[in-house]
Amino acid sequence: MAEEPQPPNIHEGVDPTEETPATAPPASAEDRKAAAALSSLDNQNDDSAAQTTKAKNIDQEALAKAISRLELSTGAKVEPSGESENMKQFEERRRKRREEKERLAKVKVDAGDVALLIQELELSKTKATDLLKAHEGDAVKAMRAFVTAPV
């Protein structure tokens with residue numbers, strides 16, 4: 001099947017009514033200052049003297065305004081350290097998962113229970129072991145949890 005050629009002014013994946021902030025020039029002087037301050041943070045030069053000079057010349061007020069605009073547009077609170085609430089929540093979830101993994105690693109399971117789950121529930125050895133560890137090595141709890149549909 002042959003596809004029809006697209007007209008030259010049509011680009012796949014581009015919405016002509018949507019204006020992207022990366023291509024749109026800043027409208028006001030404040031926006032230009034904020035854009036310059038943010039772009040100067042992105043520039044990574046190898047010359048350390050040039051970096052310290054640029055760091056000293058960053059317009060702090062424009063940077064603060066840019067950060068406040070970022071907060072308004074994303075809805076996330078950006079703290080002075082640069083860490084957002086979302087990042088803190090992510091780190092907290094990550095820490096909890098790591099603690100849960102460590103707790104499950106300490107659970108000992110009986111080889112007979114693993115064999116029972118493999119035979120009765122038709123699970124792989126790894127899945128059966130993980131299921132038993134999640135239920136503190138109790139084969140009855142593990143089987144009930146497996147056959148009970150989550151609501």
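The model is predicted, so local features need pLDDT of at least 70 and side-chain atom pairs count only at pLDDT 80 or more, while totals for chains, interfaces and linings use all residues. Residues are numbered from 1 along each chain as its sequence is written, and side-chain values use heavy atoms, leaving out hydrogens and water.

Let's start with the pair itself. Two packed helices are described by the angle between their axes and the distance between the axes. Helix α5 covers residues 111-121 and helix α6 residues 125-134; their axes come within 9 Å and cross at roughly 115°. (Helices are DSSP runs of H or I with at least four residues, numbered from the N terminus; axes are lines fitted to C-alpha atoms over the stretch in contact, with angles from 0 to 180 degrees between N-to-C directions.)

Which residues make the contact? From α5 come Asp113, Val114, Leu117, Ile118 and Leu121, and from α6 come Lys125, Ala128, Thr129, Leu131 and Leu132. Contact here means heavy atoms within 4.5 Å.

Now look at one residue from each helix. Thr129, in α6, counts as buried because its relative accessibility is 19%, buried being under 20% relative accessible area, exposed over 50% and partly exposed in between, with a 1.4 Å probe and protein chains only. Not counting residues up to four places away in sequence, Thr129 touches Val109 and Val114.

Ile118, in α5, is partly exposed, with a relative accessible area of 32%. Leaving aside neighbours within four places in sequence, Ile118 is in contact with Leu123, Ser124, Lys125 and Ala128. Ile118 and Thr129 are 11 residues apart in sequence and 9.2 Å apart in space, C-alpha to C-alpha.

Key
Helices (H or I, at least four residues) and strands (E, at least two) are DSSP runs, numbered from the N terminus.
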